[in-house]
Amino acid sequence: MNIQRTLFANSQSVKEPIQTLKVGQIIPGRVLKFYPNNTAQIQLGNTSLNAQLEAPLSVGSNYYFQVMTKGSIIQLKVIGESLERKRAYSLHKLLNYIGVKYSKVNEDFIQQLFQKEIVIDPKQIKQAIDILSASDSKSLTKVILLEMIRNNLPISLEVYTAIESTWTSSFSKKFHALITELSANKNGLELMNQNRVRRIDDLLGKTNKVPKNFVQLIAANRDYYQLVKELGLIQLDSVFEDWISPANQAHNNGFQFDRQTLVHILSNYEDIREKANSFLTKWNDTIQTLNHRNEAILDGTFHKIKNDLEQFYHLILKEQIEIADDPIKIRDYIVSMERLAKIENTPQLAKLYHEYMKALFMEQIKMITNDVGLQYEKTIYKDNQNPTFTLKGLLLQLMSVNDNSVKGMADKFLQYINGLQIQSVHDTEKFLQANLLIPGQGLGLKNDLSISFQGKKNSKGEIDPDYCKVVFMLDLEHINETIIEMHVQKRTISLQIMNDHPLTHIANSVKPLLKEGLDKIGYHLSSITYHQFTSNQQNGNKTNLVNKANKEIPIGVDFRI
């Protein structure tokens, strides 16, 4: 599943009212009844209107109509014959009328437009056909062009290329490709040493620091402080007043582990605690001997315990560690493990994990909106400033580097960001849709995360929070491709979760926390329903999926929204 493709293709299609039809546009319609003076009632899509006709037609028949003039009564021109009698002939004639060469590909493209009840503009269609004809991947190109026309985007090669980039790649892949290219040559290395590139690294979570807003939460709650201390996430001998001091916060904000390790520990705590208990049970006699007699461990036993400890901490840190050949160090590691084994998976621990993921999530949203440059042109236009230190600003600077490889990579990334900008907001008179992409690495996800907000506008021109839909699209390590649709109506929320695994028991485990969080902000959770992607494969929105519903779900927690 490509996140951007699914977001764009499944976006809420807001059909323009028939009153907004423009001269020259073409749309299929049906004659409902006749009136005097060559006027008739015509059904166009879900709307009917009175129009003046240039040719005698049959009541109940369907035709291709072109808008000729507008006024109190719209004047329509009929193209071809009745679609009931000569659909293929009429479509062929329509292509000739537009000035497009007939082909099976072009015919299918026009038919798909009409099937989606999209009003077409002849000039726009000619531009789209030119792009389609030059494409080596016509199936993908047709889908992108259909969505461009449906969302009233300019039909140009530049816009198409930008959108195609987001459908065929990801932000993280583009970023890694750029950094790799910069690291491979002298010009790039000079830029890599500048602060602006290091700052952009934060977009992918390359910074090891724990988010400041999470640290502030711990500093304001002694219970949370004590819990992270018992988990061994901060120094055991630390004192609360000293820990919250600016000097201590300067190094990784006072934590012993980086942000990704914290995600792993908090999300897999049950598994970690189980393995800690297994270790302590296995070596119980030896540990008791050490505690009561303070005796040295025999060489053979020492290396066995050391090896088991290294394997255990590899599970926590997700990287190989080597423990020093020091009995005192061994005892320190065992003491830490005993603490981990004693801590129950209490609601407080679940809340701590929730708060940590929320802190990561909000930090990533802030960085993607501020640092990528999605508002680059708007900032220049309104603030008369050049947002040089955004990612887009950096890429534009790279376009002037005397290195074709660097310029080529920067150009491709610029196309991708332009594609994100183009698809970020779809705005009509009454409806608004906003799409947001967040790099997944900073959240501990293997791929990027996308969110779509859709709904009616309120009196302020914003999405009405009481009547809207929010769609989360994720690709997770354990349960793979997942879509969560949140429907809001009168502050009542219903969730639809789409995945190829049976997820009822997973969702039920976090349902109380979800209900509690929604209640605090004045919303009520009414239902959670589940659907498998494989049952919806016929609609073409979800492809290349394997039915994994009957397979056991791997142990682990991916991401809590």
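Leaving aside its neighbours within four places in sequence, with which residues is Asn-106 in contact? The partners are Val-100, Lys-101, Ile-129 and Leu-132, where contact means heavy atoms within 4.5 Å. Asn-106 is found in helix α3, residues 104–115. Its relative accessible area is 6%, so Asn-106 is buried. Buried means under 20% relative accessible area, exposed means over 50%, and partly exposed lies in between (1.4 Å probe, protein chains only).

The model is predicted: local features need pLDDT of at least 70, side-chain atom pairs count only at pLDDT 80 or more, and totals for chains, interfaces and linings use all residues. Residues are numbered from 1 along each chain as its sequence is written, and side-chain values use heavy atoms, with hydrogens and water left out.

The secondary structure of the protein comes to 23 helices and 12 strands. Helices (H or I, at least four residues) and strands (E, at least two) are DSSP runs, numbered from the N terminus. The protein has 561 residues, and 47% of them are buried. Among contacts between residues at least 6 apart in sequence, 59% join residues at least 24 apart.

Helix α3 also packs with helix α5, residues 138–150. Two packed helices are described by the angle between their axes and the distance between the axes. The axes of α3 and α5 come within 11 Å and cross at roughly 35 degrees. Axes are lines fitted to C-alpha atoms, for helices over the stretch in contact, and angles run from 0 to 180 degrees between N-to-C directions. The crossing of α3 and α5 is right-handed. A crossing is right-handed if the near helix is turned clockwise from the far one by less than a right angle, and left-handed if anticlockwise. From α3, the contact uses Val-105, Asp-108, Phe-109, Gln-112 and Leu-113. From α5 come Lys-138, Lys-142, Leu-145, Leu-146 and Ile-149. By class, this contact of α3 with α5 has six nonpolar, one polar and three charged residues. Ala, Val, Leu, Ile, Met, Phe, Trp, Tyr, Cys and Pro count as nonpolar, Asp, Glu, Lys and Arg as charged, and the others, Gly among them, as polar.

A second pair is formed by helix α15 (residues 269–282) and helix α18 (residues 327–342). Their axes lie 8 Å apart, at an angle of about 125 degrees. The two helices are therefore oblique to each other. Angles under 35 degrees count as roughly parallel, over 145 as roughly antiparallel, 65 to 115 as roughly perpendicular and the rest as oblique. The crossing of α15 and α18 is left-handed. Among the contact residues are Tyr-269, Ile-272 and Phe-279 of α15, and Ile-334, Met-337 and Leu-340 of α18. The residues of this contact of α15 with α18 divide into nine nonpolar, one polar and two charged. The buried residues of α18 include Ile-334, Met-337 and Leu-340.

Two loop residues other than glycine have positive phi values. Phi of Asn-37 is near 65 degrees. Asn-37 lies in the loop between β1 (26–35) and β2 (39–44). At 67% relative accessibility, Asn-37 counts as exposed. Phi of Glu-117 is near 55 degrees. Glu-117 is found in the loop between α3 and α4 (122–134). With a relative accessible area of 38%, Glu-117 is partly exposed.
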